[in-house]
Structures are given as structure tokens and as C-alpha cells.
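Welcome, and please open the model in your viewer. We will go from stop to stop, with something to select at each one.

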Amino acid sequence: MNKKYGLDLYIKKMQNRGIRLHSALLYSDYAVQEAHYFTPYDAQTRHRAYSTTKSFVAIAIGKLYTEKRINLDDKIVDYFREEFQLGQLPEYLENNTIRNMLMMNTCYSASTYGLHRKDWVRSYFDATPTHPAGTLYFYDSSG
């Protein structure tokens, strides 16, 4: 293992704490600098990212915002016009914004991703909103 970045030290600390890793990668200068995979896992093994994805999405949204390519008050449905027409969706959903989604105060009081297992976007838009967006915090992976 390359000692330049210290991934080996991180791995040893995790093992000493009894934390079981699938893999450990260090990404720098636009490339993977070090990688280690723990049996039975390898570079092709898919892993659930759970809420980690929210951080990457928030960074991407921030970049788009600073480049003035989006506005945080843009309505979510405007990005899915090919699938939905104005007036076709409930008002609470039509008024849901990027800001509402980032702040986890959408128009839902429960997760929506269970409606259609393979199509989370369809699930999000098919669920029945419970209140106006911006009025209730609810931690929601589907949002």
C-alpha cells in the first residue's frame, strides 16, 4: 500500500475499533490514489450509499446555484415537465421547490419511495401530498 496518503493507517484504526469495512478508497487530484478491498468485496461490488448521496447532491446543487444555472426557489416539477403537465399534479406538489427538498420540508409527512420500487421519481410524484411544502420538517430519503 502506498504510504503517501496514509490509507493503511486509517484501515488499521478501523480494524482496531472492530469496524468492518468493505473497501477504503482515497480520492485526490481527480483520481483514486489508493484503494483497498476486503474479501469478499472488490472494485465491482455495488454498495448501498444510503444518505451519503444527499451530501453529493447538495454539493452539485450548490455548484449549479453559484453558476446561476438553477435557483433554489425553482419548482421541482419544472425539471420533470416531460412526465407531468401543470394542473396534473396536486397544488402542494406543484409548489414544492429545490429549497424545500434540500431543507427536508417537502409536501410529504412520510417517505414516498415505496410506491414503485424501481422508479423513485414516479413514486415521488404519485404519492399524495399531506401539507404545503415548507411547513413541516421530515427526514425523507425519497425527497
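One term first: two residues are in contact when they have heavy atoms within 4.5 Å of each other. With that in hand, select Tyr 137, which touches Met 103, Met 104 and Asn 105, leaving out residues up to four places away in sequence. Tyr 137 sits in the segment after α5; helices (H or I, at least four residues) and strands (E, at least two) are DSSP runs, numbered from the N terminus. At 54% relative accessibility Tyr 137 is exposed, where exposed means over 50% relative accessible area, buried under 20% and partly exposed in between (1.4 Å probe, protein chains only).

A word on the model: it is predicted, with local features needing pLDDT of at least 70 and side-chain atom pairs counting only at pLDDT 80 or more, while totals for chains, interfaces and linings use all residues. Residues are numbered from 1 along each chain as its sequence is written, and side-chain values use heavy atoms, without hydrogens and water.

Next, the interior. A nonpolar core is a set of buried Ala, Val, Leu, Ile, Met, Phe, Trp, Tyr and Cys residues joined through side-chain atoms within 4.5 Å. The largest one has 15 residues, and Leu 89, Leu 93, Ile 98, Tyr 108, Tyr 124 and Phe 125 touch the most other members. Two or more residues of this core come from each of α4 (98–102) and α5 (120–126). Apart from this core lies another, of six residues, including Leu 7 and Met 14.

Now select Leu 7 itself, in helix α1 (residues 7–16). Is Leu 7 buried or exposed? Its relative accessibility is 5%, so Leu 7 counts as buried.

Move on to helix α2 (residues 52–66) and check its length. The expected span is 1.5 Å times one less than the number of residues. Just after α2, look for Lys 68, with a positive phi of about 60 degrees.

For the last stop, select Val 32 in strand β2. Val 32 is partly exposed, at 45% relative accessible area.
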